[in-house]
There are 2 protein chains.
Amino acid sequence: MTASPRRARRSSGRITLADVAQAAGVSPITVSRALREERSVDPVLVQRVREAADALGYVPDPAARALASQRSTQVLVLVPMLSNTLFVDLLESVHRVLFPAGFQPLIGVTHYDSAEEELLLRTYLPHRPAGLLVTGFDRSETARQLIARSGVPCVHLMETSEAPGVHCVGFSQVDAGAAITGHLLARGRRRIAFCAAQLDPRTLQRAEGYRRALREAGLYDPQLELLSPESSSISLGARLFEEMLQRMPGIDAIFFCNDDIAQGGLLAANRLQVPVPQRIAVAGFNDLAGSDQMVPPLTTVRTPRGEVGQAGASMLLGLMRGTPAPASCIQLGYELVVRGST
Amino acid sequence: MTASPRRARRSSGRITLADVAQAAGVSPITVSRALREERSVDPVLVQRVREAADALGYVPDPAARALASQRSTQVLVLVPMLSNTLFVDLLESVHRVLFPAGFQPLIGVTHYDSAEEELLLRTYLPHRPAGLLVTGFDRSETARQLIARSGVPCVHLMETSEAPGVHCVGFSQVDAGAAITGHLLARGRRRIAFCAAQLDPRTLQRAEGYRRALREAGLYDPQLELLSPESSSISLGARLFEEMLQRMPGIDAIFFCNDDIAQGGLLAANRLQVPVPQRIAVAGFNDLAGSDQMVPPLTTVRTPRGEVGQAGASMLLGLMRGTPAPASCIQLGYELVVRGST
DNA sequence: CTGAAAGCGCTTACAG
DNA sequence: CTGAAAGCGCTTACAG
């Protein structure tokens, strides 16, 4: 007696592939293929499909597409911190490559914390991102496995590695650290201190470069190093400057591992009326916004984060499309920017 | 003769709801409900389902969920620019509220460009975000309609409006601009200049506050305003300082619309050896990183972006869950931070 | 080059 | 409180 058809209708009112197919007089498959340019479709049909799609204002449903194809068009991008403007520049260039290519960056911030990175991976990997962009190589074994087992193409940014099968774009943080230290040496400095914050892998690589340069000059002294695990900031830089100067009054230069702490150091020098560079030369790293406006302007290393983002995203694009470029590891350069502070 | 069953198998190897259901000895629906706590389910079954899910390592497929429910768990967050650390702070607090609640922020950067904002909305709205967080009210009519027609709950940040049905969390940029100008007046300044960049709505609201305060004091002079459409930056601040001083040598104070240009102005003063605050008082806006370290330290207005993000995300959470809080518009305060530069 | 069928892994809408 | 059926809107896998 209950003859009412028990149909669970729940149309979302959305224009679907089927609507376009009907309007164009072809099958849904053909619409799908025509719109994605996946397989050769009769140009005449392609044209008809496109017109129908435009006329109806058809927009593919990303969820349906992701479910059917087991792949979304989002690209997970993991960076340590946005308060370091280095990563803002990096994200900007990544976006400029990925977005026009039909992929959307999904930004995750790890706060230099491997547990947070793991949580982000656990949360986002089930979304089946089309690709993955991560910062450096320092992560938990679990995170590493999550990435590997996901099968999602991954490119590492900011550091390089020669390990086989690894895709990366970066530059030598060690060499760059050695180069700026070498510059200070060339300027005649002999008691060159190193102040660092955060102590992430790249910072420690710069420390290594610093040590290498000083050892080669026979001037290395562990007492000249001040390493703080705190987050990098202008105010921390000011504190480190004062502390270093108090602890080792004989220093004639400081290499700060990042421009923000270097700027803080310079401001502390201004406040304490320590003549820079006469009494102490100050150098930074990364050439961040404002460094050229300091008094005196800050000598630093210009790092190619824009290019790293651009090249890394392009490499990932190749991987995602199945047409990877030959190189799996790109080593970019850096540039010494000598200004008034040294 | 072709007896082979024509089945299009394409299991992804993934653990599904059905697997959990089988293991727990219940129907898939019950698993779905137990895990989402959507409807009351027998506690005994819930327990069994949870154990089965844990044992199998079940992770729901976001794409399938989004397709079936017409709603993803992502929240689109649109900000103008990440190089303004104000928005980094905002995003940070938004993440802290949303992520633990099971929603993932999807960050979009508009670069203060309404066409870019439209493109982001067109790209991301089809993903059916669970919610939307946007900056201010200034957008194209098209963007406004895209948002309204999408039916996605939306909260506006950083500005407030009394329009009915609008959800927002912000503070009065006008009042804050007037307050800092009032402070300069109270310090006895009479020729108070205003330097601004970007000229986005919030900057112009601060300008309004500046004008209001000076008009009330009978000291308003349009010649004292220097408005640049360029992006805000430390180096632009330095240029604006020099230009302003050259154009109007009689000024005795400058209110910069944002701390980055104020910092640049302060550095220019250092370089040109213009005594601050003796010859010229300098004030900024937002209390960004580094302002407290300037020489002299910068007087500014501390704006509650962290609280805006926190309250805005919480309000959105209520909207998304269908349990909106009573207030649809929250007006927060700001705080004058008087330091050595005034 | 084109298509009919099945399936991706969930949730909605009904029923009981 | 629980479930069988249908459906969300695509793409894959086969065939021809």
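**Entry 1: polar links.** I began with the contacts across the interface of chain A and chain B, and the rule finds 7 residue pairs in polar contact there, both residues at pLDDT 80 or more. A polar contact here is a pair of N or O atoms within 3.5 Å, one able to donate a hydrogen and the other to accept it, and residues adjacent in sequence count only if both atoms are side-chain atoms.

**Entry 2: ground rules.** I noted that this is a predicted model, where local features need pLDDT of at least 70, side-chain atom pairs need 80 or more, and totals for chains, interfaces and linings use all residues. Residues are numbered from 1 along each chain, chains are lettered from A, and side-chain values use heavy atoms, without hydrogens and water.

**Entry 3: extent.** I found 45 residues of chain A in contact with 43 residues of chain B, contact being heavy atoms within 4.5 Å. The buried area is about 3,800 Å², with 63% from carbon and sulfur atoms; this is the accessible area (1.4 Å probe) that the two parts lose on being put together, summed over both. In chain A, Leu67(A), Phe99(A) and Gln293(A) lose the most area to chain B, together 14% of what that side buries.

**Entry 4: symmetry.** I saw that a rotation of 180° with 0.0 Å of shift along its axis superposes chain A on chain B, RMSD 0.0 Å, by least squares on C-alpha atoms of residues with pLDDT of at least 70 in both. That is the relation of a two-fold axis. In chain A, Ala63(A) has the C-alpha nearest the axis, 2.4 Å from it.
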